[in-house]
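Have your viewer open and follow along.

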Amino acid sequence: MYKTFINGWGLPGTGKTTFGLTFPGLVWLVQLDRPADVLIKRMNAQVVDLTPNLDSVMTSYAAREFMVVFDDFLSRAIAQGPGLFMVDGGDRLKDIARIVYIEHDKDLKQYSALNEWMTRWMMKVHYSQLQGYITHPYDNVWESATKQSSRIEPDQWRHIDKVTTERLYFFTPGQSREVVPMAIDMEANPTYEPPQARFFTKIQQAKNDATIQGRVIENLTFSLLYELCFEEKYNGGVGK
């Protein structure tokens, strides 16, 4: 079984969650974005769902409790075997971890601890039988503690491209296929577009097969991406 760890980004409602739910097997879904119950049912996806109350988890104690639950959820997924571990709203996972690790913005040692936690869970997925997928609504979210990224404020995790194998940009027919940095204040703009029945994906990076970089594909599925990367069909974790 070949391995992917996909980094997907784009505006809300551009097909990021839909793409993840095309996985032909069990999806371990950490849902930190909008509720996906209707979409899961519509796509007949096999899902084990972890959906916290985001309003309450933003306190220090609740954030620590959630991270324990998250680690346990990941351990269960790894023990189960082949599947997809999907964090829908990776920017919010980072926000929760930030509450736990960062007390003073200028303390780089605290940023280091946050980086280590974020990298550690991704590496656990990488070395397991799971495929990985993380979504967020920003381009170049994780850069450094001091450099402004496109996400309004300096960010805390710059290692995502060291772990992920594919970076996908999602957009809808009315949006540009040209990738432009986005800065979205989700607190000021809490509304979402409805999930799209028709969406496009631009393959920005493909470490497994650089020849497919730059391709734009309508209604991309996990199976198609896997076949493009490895020139064979995903077999559910049997064999390679």
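## Thr164

Does Thr164 count as buried or exposed, and what is its relative accessibility? Thr164 counts as buried because its relative accessibility is 0%; buried means under 20% relative accessible area, exposed over 50%, and partly exposed in between (1.4 Å probe, protein chains only).

This is a predicted model, where local features need pLDDT of at least 70, side-chain atom pairs count only at pLDDT 80 or more, and totals for chains, interfaces and linings use all residues. Residues are numbered from 1 along each chain as its sequence is written, and side-chain values use heavy atoms, with hydrogens and water left out.

Thr164 lies in the loop that runs between α7 (160–163) and β6 (166–171). Helices (H or I, at least four residues) and strands (E, at least two) are DSSP runs, numbered from the N terminus. Leaving aside residues up to four places away in sequence, Thr164 touches Phe5, Ile6, Asn7, Met122 and Lys207, where contact means heavy atoms within 4.5 Å.

## Arg76

Now to helix α4 (residues 60–80), which holds Arg76. Arg76 has a relative accessible area of 42%, so it is partly exposed.

With residues up to four places away in sequence not counted, Arg76 touches Trp28 and Val48. Arg76 and Trp28 are 48 residues apart in sequence, and their C-alpha atoms are 9.3 Å apart in space.

## Strands β2 and β3

Strands β2 (residues 26–31) and β3 (residues 46–50) pair in the parallel sense over 5 bridges; pairing requires that DSSP finds at least two bridges between two strands. Opposite Leu26 stands Gln46 in β3.
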